[in-house]
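Dear colleague,

Please find below the structure that I am handing over to you. My notes on what was found in it follow directly after.

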Amino acid sequence: MANILIVDDDLSLREVLEIALLKKGHTVWTAPDSATALSVLQKQSIALILLDLRLGRESGIDLLVRIRETWTDVPVLMVTAYADAKSAITAMKHGAKDYISKPFELDDLLYTVERTLETARLKEENDWLKGQISRHYGEIIGHSRQMQVVFDLVRRIAPTNINVLLTGESGTGKELFARCIHDESRRCGQPFLAINCGGLPENLVESELFGYRKGAFTGADRNKKGLLEMAEGGTLFLDEVGELAPSTQVRLLRYIQERCFIPLGGTEELRSDVRIIAATNRNVEQCVADGDFREDLYYRLSGVKVHLPPLRERGEDVLDLADHFLDKACRAQKRQLKGFTPEARKKLLAYGYPGNVRELENIVERAVALEPGDAVSAQSLVIYEKIAATEQDGGIHKVLSGQMTLDEYLAEHEHRVIAEALRRCGGHKGRAAEMVGLNFRQFRYRLTKAGEKDEDI
């Protein structure tokens, strides 16, 4: 429940909104003008403000600017007539969270209020969480349920010495998590070294890992320490470990079992204490079944397996990540942009991100470079989507050949779009409705029409 301030010069509208919000359990203050509203804000801790764009002869935007000077974090929802939509967008550039057009459905307004309060609460919790773990987690952002599960697992395993296998698609942040595990471990004061096992030739991977002695091969004109020796007491991150050649797998397995190794061309056995964190975007279990990866090495590496979810399954995090990358790109490119337009936010939420977090960062960086205005527009978000033309053509062929009716074809695709929106939003129907451009009641109707029940979502 929250403290809500209604600022509107229309007495009857203030009373209607006050009654509706009180029924929801909120505590409500009302104000007919700027002076009264500022007085309430100075005396009360307000969680959300409903502000009319026009307060008699006063401007709601002027009041918004004054509010933002002192109460920077309180979300403000602008209430405006259809004719004032352009002014409402201007208000959003001055810090309004969203706008509600008159006339409005009361249920829609209440949904927007609850959604905004929930977003503010999650942001507050996420800010607190990032403050608690900032020195460990750096740029890792995520308040979605999927990421909270990952964070919890990382916190539990980081202080131990157990080997970790990070799995997930490319671009999900495996190296970032590897560094976080190291930073939260007892080895944090020791080296963290990394090698991409798939980006180097087989012989070079071995020489990088184990080092070599002078004369071991052509061009070896001096002794060279390997990463296992250089990372003594610390952590070694093996990215794309599934690409290791069989001979290197054997040598790595021996090191993990015995904690000792022999450099290439050497005779003396060296010992080192290094924690191994490996990562792969491949299905290692399938590689083991196919004989491409040693089963015993797989079990040695996967003391604990941590799966990083793709960005399309953590839609709640997309806008937070986009804001973070926008700040980062603006600093790098020396731009000053005031966030994303509503259309740009919708476009960001609708995309599936096959390249995951890395792709989102590239999209935002490109948008900052292309944007001619003072906020990132949908037109500047250049997204290279792959269209599944063969699948579309197959459906069209079924309709034209009489295998299914047009209504059946449309219903099937509508159901798939709704199901995908729900999956990307973690089952949150309100966010899914916003993603597909429906209000909450329309979305609930489509669900019911498709035969879904709330408990099935």
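Helix α13 passes helix α15 in a right-handed crossing. Please note that this is a predicted model. The axes of α13 (residues 318-333) and α15 (residues 356-370) come within 9 Å and cross at roughly 45°. Angles under 35 degrees count as roughly parallel and those from 65 to 115 as roughly perpendicular, so α13 is oblique to α15. On the α13 side, the contact is made by V318, L321, A322, F325, L326, K328, A329, C330 and Q333. The α15 side contributes V357, L360, E361, V364, E365, V368 and A369. Sorted by type, the residues of this contact between α13 and α15 comprise 12 nonpolar, 1 polar and 3 charged.

The crossing of α2 past α3 is right-handed. In this pair, S34, A37, L38 and L41 of α2 meet L63, R66 and I67 of α3. The contact of α2 with α3 divides into 5 nonpolar residues, 1 polar and 1 charged.

An open sheet is formed by 5 strands in the order β2-β1-β3-β6-β7, with parallel pairing. At its edges lie β2 (27-31) and β7 (98-102), each of which pairs on one side only. From one strand to the next, the twist averages 20°. Packed on this sheet is α3, which touches β1 (3-7), β3 (48-52) and β6. The direction of α3 makes about 155° with that of β3. Strand β6 (residues 76-81) pairs with β7 in the parallel sense over 5 bridges. Within that pairing, S101 in β7 is the bridge partner of T80.

Another parallel pairing deserves mention. Strand β8 (residues 164-167) is joined to β14 by 4 bridges, and the two run parallel. The bridge partner of T167 is H307 in β14. Which residues of β14 lie on its covered face, and which on its uncovered one? In β14 (residues 304-307), V304 and V306 form the covered face, whereas K305 and H307 form the uncovered one. In a regular strand, side chains alternate between the two faces of the sheet.

With kind regards

Methods: Residues numbered from 1 in each chain as written. Predicted model: local features only at pLDDT ≥ 70, side-chain atom pairs only at ≥ 80, totals over all residues. Heavy atoms only, no water. Left-handed = near helix turned anticlockwise from the far one by under 90°. Contact = heavy atoms within 4.5 Å. Nonpolar A, V, L, I, M, F, W, Y, C, P; charged D, E, K, R; others polar. Pairing = 2+ DSSP bridges. Axes fitted to C-alpha atoms, helices over the stretch in contact; angles between N-to-C directions. Buried < 20%, exposed > 50% of the residue type's maximum accessible area, 1.4 Å probe, protein only. Parallel < 35°, antiparallel > 145°, perpendicular 65-115°, else oblique.
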